[in-house]
Amino acid sequence: MPALTNADVARVLGTLATMLEIDGANPFRTRAYREAARVLDALPEPVARLAGEEGALEALPGIGKDLAQKIRDLLATGSTGLYDELLKKYPLELVHLTDLQGLGAKRVRALYDALHIRDRAGLEAAAQAGQLRELPGFGEKLEQKVLHSLSIAEQVSGRLLLAKVWEVAHGLADRLRAVQGVTRVELAGSFRRRRDTVGDLDLLVCGGTPEQVMDAFTTHDRVAEVMARGETRSAVRLTDGLQVDLRLVPGESFGAALLYFTGSKEHNIELRRVANDQGLTLNEYGLAREADQSVVAGRTEQDIYRALGMDWIPPELREARGEIALALEGRLPRLIEQDDLRGDLHMHTTRSDGRHTLAEMVRAAKERGYAYVAITEHSKSLAMAGGFDEARVRRSVGEIAAVRREVPGIEVLHGLEVDILADGSLDLDDDALELLDWVVISLHSRLDQPAEAATARVLKALEHPAVCAMGHPTGRMIGLRPASPFDMERVLERAAELGVAMEINCQPDRMDLSDVNARLAREKGVTLVIDTDAHSIANLDYIRYGLFVARRAGLTKDDVLNAWPWERMRKMLRKGRGGAVKPAEPAKQPAPSPAKTPAKRAAKPKSAKTR
DNA sequence: GCCGTTTTCGGCCCGACTGTTTTCAGTCG
């Protein structure tokens, strides 16, 4: 029985919820399953471990005795009685018909009962034969809609990377801002919360006539299809499959609408409960007194949060992960901002697989206002990417010295991104590593190792005294490649003890660490470092995506190494054994023993949490 | 199915749009 991950268990619970819905169960029961799935999905520690601790599962919000037992069954046997039972009635193919536009549990059930449809092929055949329109509650239009959904189901199967929609989203917003009379346009939804992927875009507009606003929206050159058009709401699908919703909102309730459509849904539900407890009701039109429906706030989000007795919550934190309690106590973290960053400590040049030269990259970093930068080419096992061997590292010393003279006004660290080999040893000998100011270690190969081997590999690599940081720690590629299954908690705990920083890699398809893991890292006392891993000058702008992850993780500038001023960085590096400031060192030993005191470290473990 | 300094039973967020209807159910967010 392979160990189930949190996501695996969450997926089964979500499927169970849909099955129960099709089965006509109490809607609050199905909601309980969905809520439990959400909780597990956002859980940083492995659910398998909690399952072993008495009462730990039941202590999670939304999980009681019954669901805890089902989760234990799932972990032990891969299934539960209820799941097996429902699966006999409703095959997975049938359950997944609810993913299609316009089809929910009720209609899928009707299709199943009346026409014995149980999969997409059956659905398509029946729709083409004109059988759907005969069913009560169905009609010709719905039949067409289903056929249409089926035809695009493939191309819009997943969410899109935030970076992929960034430009079109802002393009749409700018176009609407130009409409006469429009006073305000905001992008809401998961886009505003800066999730690493978005399922659709939500636009809120204030001012202008419905006619003009909707015209500007639906005639944008990226619009492939107008799905709905009304006075206050329209929806379109773009050529790349992305759905965009627009809502026209009056000024007096703009803040309430922005709050509502920014979500998350779970945050909103929790916020409503806070309102209800105070005799208030909150909806997308405003915050009102329950007694007489008189409006208390609605024009801005700040007004609403304030009226509820809490601080304004940055959108990145609105995931119902404890932020509402913190806001009520006035203890929200002061999230890190772009201006806090002083350097970028992971980038490539034409010397390995980058597109711009050493001098060009350093100059570009300087232009972005950075005080320091680390140049980190690949190491030799990535031969394809021009990885450095020991001799190449020695030659590099002079090249870095030259660029320091050529581009004054910015500190340039001689770094390298060193591969972690399959056995956990590093891809360069100690003599070469000693020539470096900044060593990032990364997994690039053999990411399919089983958990036990992967954990041992990473733990061994962390022990090497030259290591400063671990780059894109899990190796995940969003939607393409899963994370290495190493034991994140053990790795973070050891990294904290050794003072090795963990990277939030800004490459849009990596975003690694994720927000959940970055939050866990901070809780374990690990210092984080936000790096672009830029392979070109343009890539330096990816810094925003890592910043979003950091903010979603609740990080402040104190939690992030490259928000430190250069003086603090310099002192930290001076303690090290490499680089320009080299302390006297005994003759090299044959092999570093694991017990050896780390000589150069990125950051000291924090003794206590800052919040 | 979960949850509880009002409750161990009776609540659990709610409005817009669509397509079907002729006053509303289903879906969606």
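The model is predicted; local features need pLDDT of at least 70, side-chain atom pairs count only at pLDDT 80 or more, and totals for chains, interfaces and linings use all residues. Residues are numbered from 1 along each chain as its sequence is written, while chains are lettered from A and ligands numbered from 1 in the order in which they are written.

Chain A is assigned domain 1 (6-152), domain 2 (160-248), domain 3 (253-328) and domain 4 (338-574). These bounds come from an automatic or database domain assignment. The centres of domain 2 and domain 3, taken over C-alpha atoms, are separated by 23 Å. Across this pair, eleven residues of domain 2 are in contact with ten residues of domain 3. Two residues are in contact if their C-beta atoms, placed from the backbone, lie within 7 Å. On the domain 2 side, two or more residues come from each of β2 (182-187), α11 (189-192) and β4. Helices (H or I, at least four residues) and strands (E, at least two) are DSSP runs, numbered from the N terminus. β4 gives the most to this side, with three residues. By class, the domain 2 side that touches domain 3 has three nonpolar residues, one polar and seven charged. Here Ala, Val, Leu, Ile, Met, Phe, Trp, Tyr, Cys and Pro count as nonpolar, Asp, Glu, Lys and Arg as charged, and the others, Gly among them, as polar.

The surface near DNA strand B was examined next. Several elements supply at least two residues each: α2 (27-41), α4 (65-77), α7 (105-115), α9 (140-152), β4 (200-207), β5 (223-229), α14 (265-277) and β8 (280-283). Of the elements, α9 gives the most, with four residues. The surface near DNA strand B divides into twelve nonpolar, twelve polar and 14 charged residues.

Helix α1 (residues 6-22) and α2 pack at about 165°, with their axes 8 Å apart. Axes are lines fitted to C-alpha atoms, for helices over the stretch in contact, and angles run from 0 to 180 degrees between N-to-C directions. α1 and α2 are therefore roughly antiparallel to each other. Angles under 35 degrees count as roughly parallel, over 145 as roughly antiparallel, 65 to 115 as roughly perpendicular and the rest as oblique. The crossing of α1 and α2 is left-handed. A crossing is left-handed if the near helix is turned anticlockwise from the far one by less than a right angle, and right-handed if clockwise. In α1, the contact includes L13, L16 and L20; in α2, it includes Y33, A36 and L40. This contact of α1 with α2 has eleven nonpolar, three polar and four charged residues.

The axes of helix α17 (residues 358-367) and helix α18 (residues 390-406) come within 10 Å and cross at roughly 45°. That angle makes α17 oblique to α18. The crossing of α17 and α18 is right-handed. L358, A359 and V362 of α17 meet E399, V403 and E406 of α18. The contact has four nonpolar, no polar and two charged residues.

Helix α20 (residues 451-463) and helix α21 (residues 488-498) have axes that come within 10 Å and cross at roughly 5°. The two helices, α20 and α21, are therefore roughly parallel to each other. T455, V458, L459 and L462 of α20 touch R490, V491, R494, A495 and L498 of α21. Six nonpolar residues, one polar and two charged make up the contact of α20 with α21.

Backbone geometry was the last topic. Most residues other than glycine have a negative phi, and most peptide bonds are trans. G263 and S264 are joined by a cis peptide bond, with omega about -5°. S264 lies in the loop between α13 (254-262) and α14. Another cis peptide bond joins D512 and L513, with omega about 10°. L513 lies in the loop between β16 (501-505) and α22 (515-523). A320 is not a glycine, yet its phi is positive, about 55°. A320 lies in the loop between α15 (301-307) and α16 (323-328).
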